[in-house]
Amino acid sequence: MQIETKYLGQVDIIEENIKNFEMGILGFEDEHEFVLLEIPNNNHFRFLQSIHTSYIAFLVVNPWDFFEDYDVEIPDEELKRLGIFPNQEHQMTIYNIVTLGDTLKESTVNLLAPVLINLKDKKGKQFILNDTVYTTKHKLFSQEIGE
Amino acid sequence: MLILNRKAGESIIIGENIEIKILEVVEGKIKIGIEAPKDVNILRKEVQDDVKAENKASIDSKMNLLDILNEV
């Protein structure tokens, strides 16, 4: 099926790849169906694109590409809600949403509320970490020394 | 909105298995104890509001987004 995307024009998607977000994304509770889209010539970023509303597309990263020590603890009850039971954690993938600045150096990533996706059952949810040091705004390149 | 008056040491029960207890009131600050099943998420509302606001900010259009990404 073809969908209209925010940045990549019309894109052909495979229906089996649609991820169902029962609760939506926080602030976008009415958007339930998303796809992950690769960005041509760029391995670091992807879009989490609503299949129904073209302007709703989140730029996401694999947090460990940027924050080696990122420590995420998801309660078992939360995992079960996503259909992930003990010893099935490999079915889950985690992305974090980027807020792009005028340059990449000024861009931030939300480490407080990762997006969890059950790859097998195609279910997703944004989860706010409990008792955490993380916030919604970490510089993508915090490890680098400024100019 | 249901409004109840409670004093320190008093509780309210929500549903079958959630108890919210007022532990202490000192100078306008209220210390609350919550007992709830593990599958109930408990959050400070401002934390959730912060995440919603950040999500909204993150989809603000940057039409040259693909150019910015290709800086790396």
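**A friendly note on chains A and B**

1. Let's start with a turn. In chain B, the hairpin of β1(B) and β2(B) has three residues between its strands, and there B:Gly15 takes a positive phi near 65 degrees. Keep in mind as you look that this is a predicted model.

2. Strand β1 of chain B covers residues 11-14 and strand β2 of chain B covers residues 18-26; the two run antiparallel and are joined by four bridges. You can trace the pairing residue by residue: B:Ile14 stands opposite B:Ile18 in β2(B), and B:Ile13 stands opposite B:Glu19 in β2(B).

3. B:Glu27 is not a glycine, yet its phi is positive, about 45 degrees. B:Glu27 lies in the loop between β2 and β3 of chain B.

4. A:Lys122 is a residue other than glycine with a positive phi, near 60 degrees. You will find A:Lys122 in the loop between β9 (115-118) and β10 (123-126) of chain A. A:Lys122 has 16 other C-beta atoms within 10 Å, so A:Lys122 is partly exposed.

5. Next, see how the chains meet. How many residues does each chain bring to the contact? Chain B brings 22 residues and chain A brings 27 residues. On the side of chain B that touches chain A, α1 (45-58) and α2 (65-69) of chain B each supply at least two residues. The most comes from α1(B), which gives ten residues to that side. Sorted by class, the side of chain B that touches chain A has ten nonpolar, four polar and eight charged residues.

6. B:Lys62 is found in the loop between α1 and α2 of chain B. Leaving aside residues up to four places away in sequence, B:Lys62 touches A:Leu100 and B:Ile68. B:Lys62 counts as partly exposed because it has 17 C-beta neighbours inside 10 Å.

7. Finally, step back to chain A as a whole. Chain A has two helices and eleven strands, and along the sequence they follow the pattern β-β-β-β-β-β-α-α-β-β-β-β-β. The C-alpha trace of chain A spans about 45 × 40 × 25 Å along its principal axes. For 147 residues, a compact globule would have a radius of gyration near 15 Å, and chain A agrees with this because its own value is 15 Å. Of the 147 residues of chain A, 33% count as buried. Among contacts in chain A between residues at least 6 apart in sequence, 48% join residues at least 24 apart.

Note on methods: Residues are numbered from 1 along each chain as its sequence is written. Chains are lettered from A and ligands numbered from 1 in the order in which they are written. This is a predicted model: local features need pLDDT of at least 70, side-chain atom pairs count only at pLDDT 80 or more; totals for chains, interfaces and linings use all residues. Two residues are in contact if their C-beta atoms, placed from the backbone, lie within 7 Å. Ala, Val, Leu, Ile, Met, Phe, Trp, Tyr, Cys and Pro count as nonpolar, Asp, Glu, Lys and Arg as charged, and the others, Gly among them, as polar. Two strands pair if DSSP finds at least two bridges between them. A residue is buried if 20 or more other C-beta atoms lie within 10 Å of its own, exposed if 12 or fewer, and partly exposed in between; C-beta atoms are placed from the backbone. The radius of gyration is taken over C-alpha atoms; the globule rule is 2.2 Å times the number of residues to the power 0.38.
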